[in-house]
Amino acid sequence: MAGARAQINKAHKTRFASKSSRQVHKTSRSNTNRIAKPDVHNAGKGARAARVLRSKMVRDQKRAALLKEKRATSGSTRPPRVIVLFGLSADVKVNALAEDFLTLLLPEGTKATSATVASPIYKLRTTVLEAPHGDMLSCMEMAKVADLIAFVASASSFCEEDESCSYIDSFGSRCLSVFKALGLPSTVVLIRDLPVDLKKRHDSKKMCLSSLASKFPEDCKFYPADTKEDLHKFMWLFKEQSLSVPHWRNHRPYLMAHEVDLVTDGGDPGKSNLLLSGYVRAHSLSVNQLVHISGAGDFQLSKIDILKDPFPAQGRKDKDLMDSDESYDVQVLQSLLPDPSRQDPLLFENVPDPLAGEQTWPTEADMAEADTVNKRKMLKKKTLPRGTSDYQAAWIVEDTDDEESDGGEDRDDGMVLDETQIDRSAWEAKDYSDLDEDQVSLSFSGRDFDEETEADTAMADGENLTREQLEVEIQKIKDAHAEDEEFPDEVDTPLDVPARKRFAKYRGLKSFRTSSWDPKESLPPDYARIFAFDNFARTQKQVLAKALEMDKGSEDECVSVGTYVRLHIKQVPVVVASKLCALSKTTPVVACGLLQHESKMSVIHFSIKKHDSYDAPIKSKEPLIFHVGFRQFLVRPIFSSENINSDKHKLERFLHPGRFSIASVYAPISFPPLPLVVLKSEHGDGVAPANPAIAAVGSLRSIDPDRIILKEIILTGYPQRVSKLKASVRFMFHKPEDVRWFKPVEVWTKCGRRGRIKEPVGTHGAMKCIFNGIVQQHDTVCMSLFKRAYPKWPEQLFPIQNV
């Protein structure tokens, strides 16, 4: 058709074009080839190939790491594997099983001279330890170094007719709970005393399995261990097994001593050099590191000797060569000396300078006040012995610090912190040793109520008490524990001491959660002796990274894992070294390397829970033995609740069962994760006994001196007359001056009403209060007061030094 126009299709919208096509118009046509559109199919093949290559690299890295770990655990450079044989009941003969293991590992005709053997048959080095039944401390120390815990059960100890007869007794149950708190390594259960008959043998094994399976991890295997064939089968499986250890043991190098000896120091007669010989485990050990001897303290190394391995991994088939091992001669291959410029300093606590603070000259008012005090002292009549002259009397010094009140009872313009002197004989005539510092309501002796109570002192000095007196003190603590559960934090106002003086160190809070409290305010003198971190998380990250780099350190400074060495630990007290030598015959002596800063004192917080088997009350500031990983401390903690919605936490006077609390102590710094086991002496004196009670278990939480722990007291009163929202309250205070002093503090009732004090009524401490609701006649009016609490500084830090 004439005049017809050609069809023109609409172009595609640019939003469907590729990014490169949309950018073509922005470039010159001469450079168009430079930004040509890439081939979509080739791009897809390249991305897929990159993903495949990356996945292959990840698999190769994991395979290489697994192969390296397997070679390390089974190679000749690894230390011997530690097997701990623990009998679940007293009927199990663990020593007979240990002899069977050593006989199996060694060739025929060879007698074992040590608990560590190098088996040429299984090509395996093993240390077999027997856990003594009934000795809790030895069992705990063996569990800390065990690579495999073999729980031994006797099939003959179970009786269907008698329920008291079972595979595991009370001591075995307590130890098993402690092992779980420390972190269980790889575990197996060996069944002994099975019947000879096959059917009875199978039934007995099945019954043992069904009875004990719930008490052990799911991957725990059960093996018969009566005959040589049973032990042979177990050893072949044990050889190929990949063992797992608790996570906390992989952060620090440690050494389980095979030999312990001491050499006296000629320069200092009270000190000695302690010699520990054994294999380095977990990490490389530097000669510049500090080491902690479990229960004895932190020390420096003077030298590390690399010795010839007494138990080489390559078994000798020649019997004469095997016999020559009995007369092993110590051969020093190399000695490492510390570098004084790089050696970690042995620093426990900060030494404060009392002159480093701000110095100011006294004002004229201060000088006038001092003259007034001096004149008052001179006018005060002194009680002098007969025949004392005036010149001699001038040199008699009297303690008058507690007598100066300066009429503070009549002042209502601020908090008065000084104390009032009263007749001490009236105080001593009464027995308040069973009362807490905030429960003493009838007398006031001028002593600092922030110090420890009489009951604390008596229990800490248990050696001076007879058995009857000790039972009376324990009963008093139990009564205080029961009263604390029934009436928590409630105290009585003293009759003869103004409440504004008795509770001068307390303050009221509008809101426990939102009210501010300066963590640096009025710190005790002990806080000048500790160390703190600006950023603990960052410091921990740097310290752990430095510890990993130490494994790659030079051979002149570090000893690699699996090397048999002899540590020369200097400046060890002779008494402590002698105790360690005697202790090594029954309990493993462990020396672990400390990370940076781990010898310095600070405020450490633990998450803690009372053990189910411990029924006695545990009071705050009571001496306890803390087992933190390989380290042991003698501390006096305070307990507090964990308040996740606030930066303030309430003090708990007792550790209550069934829930977790926070235990705060003064102790050397330790980096988490670390387990905690709390032991308590039966006498309450903190000395490590032969068989202590397991008081609590937990784990390390944080290191934070700024954690605010507030001690709460509740003053109570009772409505005398009630008129809707108003009530006349009595028995909370006994003087109208105290009512006016505590007037700004909010009051509340146990039925949920909140109010304020309006004015005092009469002269006996009654007061008029206004509430936000109708008050019931049977209700109780309360006032909450708070002050900050701190742990008690330990007098002796390490248990062995205190024995």
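**View 1. Phe151 and its neighbours in the predicted model.** Phe151 touches Phe86, Leu88, Leu176, Phe179, Leu184, Thr187, Val188, Val189, Leu190 and Phe216, leaving aside residues up to four places away in sequence. Contact here means heavy atoms within 4.5 Å. This is a predicted model: local features need pLDDT of at least 70, side-chain atom pairs count only at pLDDT 80 or more, and totals for chains, interfaces and linings use all residues. Residues are numbered from 1 along each chain as its sequence is written, and side-chain values use heavy atoms, with hydrogens and water left out.

View 2. The largest nonpolar core has 83 residues, and Phe86, Phe151, Leu212 and Phe626 touch the most other members. A second, separate core holds 28 residues, including Ile569, Val576, Leu580 and Cys581. A nonpolar core is a set of buried Ala, Val, Leu, Ile, Met, Phe, Trp, Tyr and Cys residues joined through side-chain atoms within 4.5 Å. Buried means under 20% relative accessible area, exposed over 50%, partly exposed in between (1.4 Å probe, protein chains only).

View 3. The open sheet of 6 strands runs in the order E2-E3-E1-E4-E5-E6, with mixed pairing. Strands E2 (116-119) and E6 (221-224) are the edges, each pairing on one side only. The twist averages 30° from one strand to the next. Helix H3 (residues 94-105) packs on the sheet and touches E1, E2, E3 (124-130), E4 and E5 (186-192). The direction of H3 makes about 165° with that of E3. Axes are lines fitted to C-alpha atoms, for helices over the stretch in contact; angles run from 0 to 180 degrees between N-to-C directions. Helices (H or I, at least four residues) and strands (E, at least two) are DSSP runs, numbered from the N terminus.

**View 4. Strand E16 and its partners.** Because 7 of its 10 residues are buried, strand E16 (residues 564-573) is largely enclosed by the rest of the structure. Strand E9 (residues 271-281) pairs with E16 in the antiparallel sense over 8 bridges. Gly278 has Val565 of E16 as its bridge partner. Strand E12 (residues 297-307) also runs antiparallel to E16, joined by 5 bridges. Asp305 is bridged to Arg566 in E16. Two strands pair if DSSP finds at least two bridges between them.

View 5. The protein chain averages a pLDDT of 79, and 74% of the residues score at least 70. Over residues 35-44 the pLDDT is below 50. The score is the predictor's confidence in each residue, from 0 to 100.
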